[in-house]
Amino acid sequence: MKKAMVVGASGGMGYALVMELVSRGVEVVAFARGKEKLARFFGDKELVKIYTGNAEDKEQLIHAAKDSEIIFHALNIPYEEWKDKLSTITGNIILAAERNNARLAVVDNIYAYGRSGGAFLTEDREKHPHTRKGKLRLEMDRIIKEASVPALICHFPDFYGPNATNTYIHFTLEQLLKKKKAGFVGPKNVVREFMFTRDGAKAMVDLASYDEAYGHNWNIPAVAPITGNEVEQILKRQLGEEKGLYSISKSMFAVFSLFAGKGMREALEMQYINFEPTILSGEKIDRFMGKRQHTSYEQGIAETIAFMRG
C-alpha cells in the first residue's frame with residue numbers, strides 16, 4: 001500500500017488510522033470538514049495531504065481519493081443525522097472507491113448485533129438489531145456488501161484514546177481532570193470493552209493489507225473485558241486516591257438527556273450496551289493473523305490523559 005485516504009480523519013479512529021498509516025510510510029489523504037483541526041493534527045506530517053471536504057458531496061470524495069489504493073471510512077456523524085445521511089454518505093464513499101479502483105475498509109460499531117444474551121459475539125451470529133440505530137447500521141452493511149467494491153468491515157467496541165472525544169471514557173476523564181468525582185455510564189460491576197484507538201487502527205491496517213480479508217466482517221475486541229471498578233482503580237493510581245467514579249444509572253442518563261441536547265437523547269436506546277456484557281469474540285481475526293499485541297488499559301488511559309492535557 002503506497003497511498004490511502006481516511007474519511008473522517010479528524011475523529012478519534014480517523015486520527016489513529018492516519019498516524020498508523022504514516023508510521024508505515026504510506027501517503028495519506030486526510031479528509032474531513034474541519035480544516036483547522038486537520039492542520040493542527042497533520043500539518044507537520046510530510047506524508048499527509050489535507051483535504052477539507054464534505055462526504056455528502058460525492059464529487060469531492062471522488063476527487064480527493066485520486067490514486068488511493070484503499071479508502072478507510074472512519075467518518076462518525078451525530079446520531080440524529082444517521083437516518084437521513086448514513087446511507088447517502090456510505091453510497092458516496094463506495095462511489096469514490098469505484099471511480100478510483102480502490103478498496104474499502106469500514107469502521108463499524110456493534111449495534112447491528114443487537115443484544116448479546118451474555119454470549120461472545122461472533123461474526124457468523126445472525127444479526128437481529130432491536131434499536132433504530134442498529135437497523136440503520138445493518139442497512140449500511142447490506143449496501144456495502146452489495147457494492148462491486150472489494151470491502152471489509154471491522155466491528156469495534158466503544159473507543160477511547162487520543163482525540164477520541166465522542167466517547168464515554170472521554171466524558172469520564174474530562175470530568176475527572178477537573179474535579180474529584182466523575183460519572184461512569186452504567187453499573188461499575190458489569191464487564192465492558194473499550195478499544196484503544198491505536199490498537200484498533202493497527203489491526204484494521206493489518207487486515208486491509210491482505211487480499212483474503214476483503215468480503216468479510218471482522219470483530220476486533222479490546223485487550224480484555226473490564227469493569228468500571230477496575231477503571232476506577234487505574235484512575236486512582238494515575239490521578240490520585242481522592243479521585244472516584246459514580247455510576248450513572250439509566251434513569252440518571254434519561255434525566256441528563258432532557259437537558260443535554262438531541263444527541264444524548266438519541267443515545268438512550270443504546271444504553272443496553274453499557275448495562276449488560278456485550279463482548280466481541282476475536283477468534284476469527286486471531287485465526288487469520290495470529291495473536292496480536294494490545295495496549296494495556298493502564299498504558300492506554302495514561303496516553304489518553306497525556307493527550308488531553310497537552
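**Rings and helices, term by term**

Student: Why is W82 called buried?

Tutor: Its relative accessible area is 2%, and buried means under 20% (exposed is over 50%, partly exposed in between; 1.4 Å probe, protein chains only). W82 is therefore buried. This is a predicted model, where local features need pLDDT of at least 70, side-chain atom pairs count only at pLDDT 80 or more, and totals for chains, interfaces and linings use all residues. Residues are numbered from 1 along each chain as its sequence is written, and side-chain values use heavy atoms, leaving out hydrogens and water.

Student: What makes F41 and F307 a tilted pair?

Tutor: Phe, Tyr and Trp rings (for Trp, the six-membered one) pair when their centres lie within 6.5 Å; planes under 30 degrees apart are stacked, over 60 edge-to-face, the rest tilted. The whole structure has 15 aromatic pairs. In this one the centres are 6.5 Å apart and the planes at 45°, so the pair is tilted.

Student: What makes α4 and α5 roughly parallel?

Tutor: Helices are DSSP runs (H or I, at least four residues), numbered from the N terminus. Helix α4 (residues 82–99) and helix α5 (residues 132–146) pack at about 20°. Angles under 35 degrees count as roughly parallel, over 145 as roughly antiparallel, 65 to 115 as roughly perpendicular and the rest as oblique. The two helices are therefore roughly parallel.

Key
Axes are lines fitted to C-alpha atoms, for helices over the stretch in contact, and angles run from 0 to 180 degrees between N-to-C directions.
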